[in-house]
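Visitor: I'd like a close look at one part of this model, from the strand pairing through to the ligand. Could you walk me through it?

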Amino acid sequence: MTRKKLIAGNWKMNGSLAANAALLQAVADGLQQQQAAACDVAVAVPAAYLAQVQQLLAGTAIALGAQDVSEHSSGAFTGEISAAMLQEFGVCYALVGHSERRQYHGETDAVVAAKAQAALAAGMTPVVCIGETLAEREAGQTEAVVQRQLGAVLDTVGKDDVLRLVVAYEPVWAIGTGKTATPEQAQAVHAALRAQLVAAHPEAAGVRLLYGGSMNAANAASLLAQPDIDGGLIGGAALKAADFLQIIAAAAGDL
Ligand code: PEP
C-alpha cells in the first residue's frame with residue numbers, strides 16, 4: 001500500500017509576525033523549486049498567528065495546522081479554542097496529545113481521544129501524538145504505552161473515520177533533545193502500531209504514521225526510508241527553512 005508522505009512542522013511557542021512571514025516565504029519559494037508535490041506539507045502554528053499564516057499560505061501547497069484543539073464545542077472554557085474556530089481559519093490538521101500537552105497540561109488518553117473526535121467532527125485531520133518516556137523504554141514498556149495511547153483513540157473512532165487519522169510516534173526522550181530513535185527503533189514501533197491499526201480496522205493500513213523526535217536534514221532520509229514511516233513531525237528543524245526543505249525533499253524522494 002502506498003501512503004503519500006506528510007511532513008508537518010510543529011512551531012511550538014515560537015515565531016513573530018516578521019519571523020513567520022520570512023520563514024514561510026522561504027519555504028514556499030523553496031517548495032516551488034523542489035516541485036515536491038509527491039509529499040504533503042503542513043505547519044502547525046501558535047493559535048495567535050492562525051489568521052496571519054492562513055493569509056501567508058494562500059496559493060501555496062502548504063496546509064495550515066493547529067497545535068491543539070479543545071474537546072469542548074463552546075462555552076465557559078477560558079483560554080480554549082474550539083474545532084469550529086480553527087476551521088474558520090482554514091485549519092486542516094490539529095495536533096492532539098503532543099507530549100508537551102500531556103506532560104505540562106495533564107492531558108490524559110481520554111482527553112486526547114475527545115480532542116481527536118472534536119477535530120474529526122469539524123472536518124479536520126487529527127495528528128494523534130503518542131510516545132514513551134525514557135523510563136518507560138528502559139522498563140521495556142514502549143509498545144504497551146504507545147498501544148494504550150493509540151488504543152484510546154481507536155476505541156472512539158469508527159471505521160469510516162479511521163483513515164482520516166494521522167498518528168505521530170514521538171518518543172518523549174527524542175523530542176528537542178537531539179537524540180533520535182534509530183531508523184530500526186522507530187520502524188519497530190511503527191510496525192507494532194500498524195499491526196494495531198489493522199487489527200482494529202482493516203482499512204487502517206492506509207493511516208499515515210509519522211515519526212517525530214529530533215528529525216533533521218541529516219537523519220530524515222534514513223528514517224523516511226523505513227516501510228512504516230510515512231512522514232515526520234518536525235519541531236526545531238521546522239523553524240529553519242533550509243532544514244525543513246531538505247526534510248521535505250527527503251520525503252519526496254528527491255534526495
Ligand atoms: C515535536 O515537537 O513534535 C518535535 C518532534 O520536536 P523536535 O523535532 O524539536 O524534537
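Which residue in E7 is the bridge partner of Tyr169?

Guide: The bridge partner is Tyr211. Before going further, a bit of housekeeping. This is a predicted model, in which local features need pLDDT of at least 70, side-chain atom pairs count only at pLDDT 80 or more, and totals for chains, interfaces and linings use all residues. Residues are numbered from 1 along each chain as its sequence is written, and side-chain values use heavy atoms, leaving out hydrogens and water.

Now back to that pair. Strand E6 covers residues 166–169 and strand E7 covers 208–212, and the two run parallel, joined over 4 bridges. Strands here are DSSP runs of E, at least two residues long, while helices are runs of H or I of at least four, both numbered from the N terminus. Two strands count as paired if DSSP finds at least two bridges between them. Strands of a sheet pair through backbone hydrogen bonds, either parallel or antiparallel.

Zooming out, E6 and E7 belong to a closed barrel of 8 strands, ordered E1-E2-E3-E4-E5-E6-E7-E8 with parallel pairing. On average, neighbouring strands of this sheet are turned by 25 degrees against each other, direction ignored. Helix H8 (residues 183–200) lies across E5, E6 and E7, at about 150 degrees to E7. Those angles run from 0 to 180 degrees between N-to-C directions, with axes fitted to C-alpha atoms (for helices, over the stretch in contact).

Follow the sheet back to strand E4 (residues 91–96), where 5 of the 6 residues are buried, meaning under 20% relative accessible area; exposed is over 50%, and partly exposed is in between (1.4 Å probe, protein chains only). E4 pairs in the parallel sense with E3 (residues 62–66) over 3 bridges, and Gly65 has Tyr93 as its bridge partner in E4. E4 also runs parallel to E5, joined by 4 bridges, and Tyr93 stands opposite Thr125 in E5. Between E3 and E4 comes helix H3 (residues 83–88), and together they make a right-handed β-α-β unit. Ser82 sits in the loop between E3 and H3. Ser82 counts as buried because its relative accessible area is 5%. Not counting residues up to four places away in sequence, Ser82 touches Val69, Ser70, His72 and Ser73, where contact means heavy atoms within 4.5 Å.

Polar side-chain atoms lie 2.7 Å from a ligand oxygen for Lys12, 2.9 Å for His98 and 2.6 Å for Glu170. Lys12 belongs to the loop between strand E1 (5–10) and helix H1 (17–34), and its phi is near 50 degrees, a positive value in a residue other than glycine. Ser214 also has a positive phi, near 55 degrees, and is found in the loop between E7 and helix H9 (220–224). Ser214 counts as buried because its relative accessibility is 17%.

Key: Right-handed = clockwise from strand over helix to strand, strands pointing away. Polar contact = N/O pair within 3.5 Å; in protein donor to acceptor, adjacent residues only side chain to side chain.
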